[in-house]
Amino acid sequence: MSSHRYQIDLSGHLADCEMNFRRLQQLLPVDAAAGDCLRFGVAANTVELLVKERAPYTTMLELRLHKPLFADLPAPLLHVRVYHDAKLAEVMGSRGLRPHKPRYRYPNASMFQRDEKAQQNTYLGEWLSLCLELGHSLDNPLNILEI
């Protein structure tokens, strides 16, 4: 085990958040209001982007899958804060957990990885990319989402 302390890659974190913002811009309508929901299919799963709250400079979203990826695990759910003025989108929590710290001591009682928050932002980016590349609207099946 290394004795040096984990350092947050701030420029990498901001780059992930900026790309997630850009991906969300392509998926969500600009005028999406609280309570709006975008549903689309990716492979054999349904992905929902639900606008939980909308303010002038921020929006809180919930990204959820309807089917679990593995039988023994619950379906993923991510809480995402979108900062319109900074053009960033960041994962604030998942599956009802408290907001994540930027880094954790390792090992810890919850068994979080040192870079848990960075991993979740990368995970969000992967899902948004999949939605853009392979997703189709469930409200209008002929509307194929394209980059």
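**Entry 1: terms and ground rules**

I began with a definition: helices (H or I, at least four residues) and strands (E, at least two) are DSSP runs, numbered from the N terminus. I am working with a predicted model, in which local features need pLDDT of at least 70, side-chain atom pairs count only at pLDDT 80 or more, and totals for chains, interfaces and linings use all residues. Residues are numbered from 1 along each chain as its sequence is written, and side-chain values use heavy atoms, with hydrogens and water left out.

**Entry 2: the sheet**

I looked up the strand order next. Six strands form an open sheet in the order S5-S4-S3-S2-S1-S6, with antiparallel pairing; two strands pair if DSSP finds at least two bridges between them.

- S1 and S6 are antiparallel and share two bridges. I found Gly41 opposite His136 in S6.
- S2 and S3 are antiparallel over seven bridges, and they form a hairpin with three residues between them. Arg54 has Thr59 in S3 as its bridge partner.
- Strand S3 (residues 58-65) runs antiparallel to S4, with seven bridges. Here Thr58 faces Tyr83 in S4, and Leu63 stands opposite Leu78 in S4.
- S4 and strand S5 (residues 88-94) are antiparallel with six bridges. His79 has Gly93 in S5 as its bridge partner, while Arg81 has Glu90.

I also checked the turn of the last hairpin. Four residues lie between S4 and S5, and Lys87 takes a positive phi near 60 degrees there.

**Entry 3: how covered are the strands?**

I used these cut-offs: buried means under 20% relative accessible area, exposed over 50%, and partly exposed in between (1.4 Å probe, protein chains only). S3 is mostly covered, with six of its eight residues buried. Strand S4 (residues 77-83) is mostly covered too, with five of its seven residues buried. In S5, I found six of seven residues buried.

**Entry 4: helix H2**

How many residues does H2 have? Helix H2 (residues 116-134) has 19 residues, and its first and last C-alpha atoms are 27 Å apart, close to the 27 Å expected at 1.5 Å a residue. The expected span is 1.5 Å times one less than the number of residues.

I listed buried residues of H2, among them Gln120, Leu124, Trp127, Leu128, Cys131 and Leu132. The buried residues of H2 pack against helix H1 (10-27), strand S1 (37-42), strand S2 (45-54), S3, S4 and S5; contact means heavy atoms within 4.5 Å.

I picked Glu48, which lies in strand S2. Glu48 is buried, with a relative accessible area of 10%. Its side chain makes a polar contact with the side chain of His66 at 3.0 Å. A polar contact is a pair of N or O atoms within 3.5 Å; within protein, one must be able to donate a hydrogen and the other to accept it, and residues adjacent in sequence count only if both atoms are side-chain atoms. Leaving aside neighbours within four places in sequence, Glu48 has contacts including Arg39, Glu62 and Arg64.

Then I turned to Asp36, in the loop between H1 and S1. Is Asp36 buried or partly exposed? Asp36 is partly exposed, with a relative accessible area of 35%. The Asp36 side chain reaches the backbone nitrogen of Ala33 at 2.8 Å. Beyond its neighbours within four places in sequence, Asp36 is in contact with Asp31, Leu49, Leu50 and Val51.
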